[in-house]
Amino acid sequence: MYIVNVENCTKDNFPLSFSEVELVIRPAPENLEFIQRFLPKLDWSALVDTARSLGDESLPEQMPDQWTDDQLKALHHVLMELHVEEGNMTCRGCGHVYPISNGIPNMLLAEHEVGR
Amino acid sequence: MPQYILRISLEHKSFRIPSLLSISQVFNFPIRFISKDKYRGILIVELEKEEDVHHILERDTLVLSASELYAEGKTYSELHDQMRGNLRVLAPYEYASFKFTLEGANHRVVESRTTETVESFAYTDLKGKIQMKDPEVEFVIYEDYDFEIAHTSEARYKRDGKFQHVYFGRRVGFGKGRLLPTKHDVKARAYYGNTSMDSHMGFLMAGQALPAPGKIVYDPFVGTGSMLYASAHWGAYVMGSDIDGRQIRGKSKGKEVKPGILRAAAQYGTEDLFLDCLTYDVTKSPIRRGGWVDAIITDPPYGVRAGAKRLGRKEGGKPLRDEPYMFPDGRYSHQLPGYLPPSRPYELANLTLDLVQLARWLLVPGGRLVFFLPTVNEDYQEVDVPVVEGMKELKVDEGSVQDFGKWGRRLITMEKTAQDDGPPPTFEDHEEFDLRNQPEHLPGHHGFRERYATGFSSRKKSENPSPANTPPSLEPVVSVTPGSKVQYQHI
């Protein structure tokens, strides 16, 4: 699941918190070069917190300066192989619950949120 | 540098050069077009090495086969003269088993002429064994004819041999990309909808996005995902979003059901490249930052089969709620399962400009935006492609167009020239397309849905001409007919 880049809310409350999740792990071929290129785009602490809330403790607290292959593999696992199939994502700011079903998050805003 | 003969399909002519250029960009090799007329059945290109030809054969969906060019001429005697001076190119094949093939572009060569034509090459003095099946080397004679309708065998015999040009070379290989559209045929796809893009067009579009392993391709109007399968086929990671999640999912419901898009991806063996498909309105998107997508590729809904929608309420309808609605039983409407927020039409001119602005923000520097722009042919002008700072249109000649008569769709390819992300687009309605502001020119795709439905009646002839059709810079010409009132006429 592409957690970090999609998680947001119109009111800058980030990241969304997961609840009632059903996880699926789908092995994906490793492309560590791709993962590495993506590093500058990640909000590290948000990613680590989210991964931990999903029960994955493999990521270090601080973003490493020098990455080992094992660390990159752990990151690959979180970003590319860990899928939330069912569950909810809740905005910490406004409380909006975005449901996920069959792995597809529904992130439509409700009517009263559109104009804001 | 060696030159190569590309035997190339005559369909989608205006897509062939952009397609070849994009392949040369993905694999970073120079390509030069030698043919004066780039739109015939034979195209001569100059490449540095044979490996580049293989990239073209692998990827291009229009190239039928490729050969290294040895000699050419307007007639056989010109060709033979040139070949006699160039016999050293055959040295590596002197003792190889070989065969000769005679092919015609735009014409099926009459078989009885084959033997004498091949025998006219006797001076090449090849000593290898002639072997029709799996020879070590195949030499090809291409006769290039003008397009002409010749249904009867008499007509075929009559024009046989009256070619414009003839080429001789050694076969490098056959187009493999050519087979892909059939492999991805929509009718045989595990999941598709009424808006699915023809698979060949899908490949031509994807090619423009320069897909390659490790790149991310995003479709903000993903629908049934047709734009993504071809990109994923070339190894790119893909993701899509749509305001209507039902398209992504398909009809089947239930927890264990795999979404339709992923079912089709699994059929093509690319499911692990599908990062995510999400339901959201791209104008109210949860994307947090820009500068990380390598290509945006989309076929925006233009209202013929499906209309574009964005969250909100139609003008003149109920006002937009600013507080959540509570049912008498104390539950909020938006928290109930199956809640669908109201939507309003998304006018195509607004959508297109927003799309380019979105690309300006979301793409990496050098990233590409590829999309179809439907347009009423009569009204199309160069200015119709939105101009946004930091985004440059890439176009060959008149651009790539699929012409349907009164309307057509142009494939627009743009490159992000800006180095920064810039601010995210606001997605406000653009005032320049608001009829109330009496715009001087409306793009050929403005109000496309209505115009499609009314059979593309001319804006100029319509009873209530839109102000956009009055050429602003021209003074009306006054023509006076004797005995009548003064009439105004626009030229």
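First, the ground rules. The model is predicted: local features need pLDDT of at least 70, side-chain atom pairs count only at pLDDT 80 or more, and totals for chains, interfaces and linings use all residues. Residues are numbered from 1 along each chain as its sequence is written, with chains lettered from A and ligands numbered from 1 in the order in which they are written.

Start with the interface. 27 residues of chain A are in contact with 33 residues of chain B (contact: C-beta atoms, placed from the backbone, within 7 Å). On the chain A side, H5(A) gives the largest share, three residues (helices are DSSP runs of H or I, at least four residues, numbered from the N terminus). That side divides into 14 nonpolar, eight polar and five charged residues (nonpolar: Ala, Val, Leu, Ile, Met, Phe, Trp, Tyr, Cys and Pro; charged: Asp, Glu, Lys and Arg; polar: the others, Gly among them).

Now chain B. Helix H11 of chain B runs over residues 348–362. 15 of its 15 residues are buried, so H11(B) is largely enclosed by the rest of the structure (buried: 20 or more other C-beta atoms within 10 Å of its own).

A core joins buried Ala, Val, Leu, Ile, Met, Phe, Trp, Tyr and Cys residues through C-beta atoms within 7 Å. This one has 83 residues; Ile296(B) and Ala359(B) are among those touching the most other members. Leaving aside neighbours within four places in sequence, Ile296(B) contacts residues including Ala359(B) and Leu362(B). Another core, of 35 residues, lies apart, with Ile5(B) and Leu20(B) among them.

Methods:
Contact = placed C-beta atoms within 7 Å. Helix = DSSP H or I, 4+ residues; strand = E, 2+ residues; numbered from the N terminus. Expected span 1.5 Å × (residues − 1). Buried ≥ 20, exposed ≤ 12 C-beta atoms within 10 Å, placed from the backbone.
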